[in-house]
Amino acid sequence: MDPILRLDNVEKRFGGLRAVDRVSAAVREGEIVGLIGPNGSGKTTLFNVITGVYKPDGGSIAFHGERIDGLEPHEIFAKGIVRCFQNPRLFAGMTVMENVLVPPRGQVGERVTAAPFPRRWSDQEAHLAAKALQTLAAQSLRGVRGSWATEVSGGQMKLLEVSRALMGEPRLLLLDEPTAGVAPKLAREIFDGIVGLRKELGLTFVVIEHRLDVLFDYVERVLVMHQGKLIFDGPPKDAQADPNVIDSYLGE
Ligand SMILES: Nc1ncnc2c1ncn2[C@@H]1O[C@H](COP(=O)(O)OP(=O)(O)OP(=O)(O)O)[C@@H](O)[C@H]1O
Ligand SMILES: [Mg+2]
């Protein structure tokens, strides 16, 4: 079976800087993979290339075996790849609840092209509010659903962003530092939530995370980037023992 995501020699340059330097990797459906590396190693840029924010300068990207490099961001989103930003981008002037109701993907009547995969979740608009609440509850935001999105805490904003991404009915979620600025206990709750979503909905995750003590308890596999290159792909315990990874990142 095709992996859900396959990167083949993916490149992204900014002038002379190789922000993503011939990265090849595959992610299988239902995996939770960590993407780690020092600041500026190219992690966010890789997400930007996968989601179509930047077109790659070289290589190819396939989702379920189908090329997606060259597609527009909304087309990639419509296929089921959803990302969360390093710095939450929420809609000010809306409540928590309203923020979650914004982006459902492929609502009846709005869909431009037929989705390539059978819809696994219900489409009906009538169910959206209930589903949003469920999602919010799962993300422990029930108590603040009427608050202004910009007034909730940093940790709650992160949760809200994940909830919002889920409303897009993703198959693959790319999370950029979902626990940044969040208390340790909440960081583990977020990862517990990720594991729950994988189990209940079969979702696949690639998670950029600097908090390795938490990450390593939740992922089977990590990809390590350094200066745009993928320098390691394997289990966390092997990463911790890898001389290259120690030199470039863990030994910092
Ligand atoms: N739009 C851009 N224009 C020019 N250079 C960029 C752009 N975006 C990123 N870069 C550069 O590309 C490199 C990789 O940046 P990127 O943001 O992908 O790193 P990162 O691994 O996400 O880092 P961090 O852990 O700090 O978030 C850095 O040197 C960065 O300055
Ligand atoms: Mg980044």
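This is a predicted model: local features need pLDDT of at least 70, side-chain atom pairs count only at pLDDT 80 or more; totals for chains, interfaces and linings use all residues.

Student: Which residue in S7 is the bridge partner of isoleucine 81?

Tutor: The bridge partner of isoleucine 81 is leucine 172.

Student: And which way do the residues of S6 point?

Tutor: Ile81 and Arg83 point one way, while Val82 and Cys84 point the other way. All of these residues are buried. In general, side chains in a regular strand alternate between the two faces of the sheet.

Student: How many residues are in the largest nonpolar core?

Tutor: The largest nonpolar core has 50 residues. Leu173, Leu174, Phe205, Val207 and Val224 have the most contacts inside this core. Helix H6 (residues 184-201) supplies the largest share of the core, namely five residues.

Student: What is leucine 173 in contact with, leaving aside its neighbours within four places in sequence?

Tutor: With those neighbours set aside, leucine 173 is in contact with Val82, Ala165, Leu203 and Phe205. Another core, of five residues, lies apart from the largest one. Val96, Ala149, Val152 and Leu160 are among the residues of that other core.

Student: Changing topic: which residues are closest to ligand 1?

Tutor: Twelve residues surround ligand 1, and the closest are Phe14, Asn39, Lys43, Thr44 and Thr45. Strand S2 (17-27) and helix H1 (43-50) are the elements that give two or more residues to this shell. H1 gives the most, with three residues.

Student: How do the residues of that shell divide into nonpolar, polar and charged?

Tutor: The shell around ligand 1 has three nonpolar residues, eight polar residues and one charged residue.

Student: Now helix H9. Which of its residues are buried?

Tutor: In helix H9 (residues 243-250), the buried residues are Val245, Ser248 and Tyr249. Seen down the axis of H9, these buried residues fall within an arc of 85°, so they line one face of the helix.

Student: What do they pack against?

Tutor: The buried residues of H9 pack against strand S3 (32-36), strand S9 (221-226), strand S10 (229-234) and helix H8 (236-241). On the face turned away from the buried side, H9 carries the exposed residues Pro243 and Asp247.

Student: What is the order of strands in the open sheet of four strands?

Tutor: The order is S2-S1-S4-S5, with antiparallel pairing. S2 and S5 are the edge strands, each pairing on one side only. S1 and S4 run antiparallel and are joined by five bridges. Within that pairing, arginine 6 has alanine 62 in S4 as its bridge partner.

Student: Is asparagine 9 buried or exposed?

Tutor: Asparagine 9 is exposed, with 12 other C-beta atoms within 10 Å; a residue counts as exposed at 12 or fewer.

Student: And what about the phi of histidine 64?

Tutor: Phi of histidine 64 is near 50°, again a positive value in a residue other than glycine. Histidine 64 sits in the loop between strand S4 (58-63) and strand S5 (66-67). Histidine 64 counts as partly exposed, because it has 18 C-beta neighbours inside 10 Å.

Terms used:
Residues are numbered from 1 along each chain as its sequence is written. Chains are lettered from A and ligands numbered from 1 in the order in which they are written. A nonpolar core is a set of buried Ala, Val, Leu, Ile, Met, Phe, Trp, Tyr and Cys residues joined through C-beta atoms within 7 Å. A residue is buried if 20 or more other C-beta atoms lie within 10 Å of its own, exposed if 12 or fewer, and partly exposed in between; C-beta atoms are placed from the backbone. Two residues are in contact if their C-beta atoms, placed from the backbone, lie within 7 Å. Two strands pair if DSSP finds at least two bridges between them. A residue is near a molecule or strand if its C-beta atom, placed from the backbone, lies within 6 Å of it. Ala, Val, Leu, Ile, Met, Phe, Trp, Tyr, Cys and Pro count as nonpolar, Asp, Glu, Lys and Arg as charged, and the others, Gly among them, as polar. The arc is that of the directions from the helix axis to the C-beta atoms.
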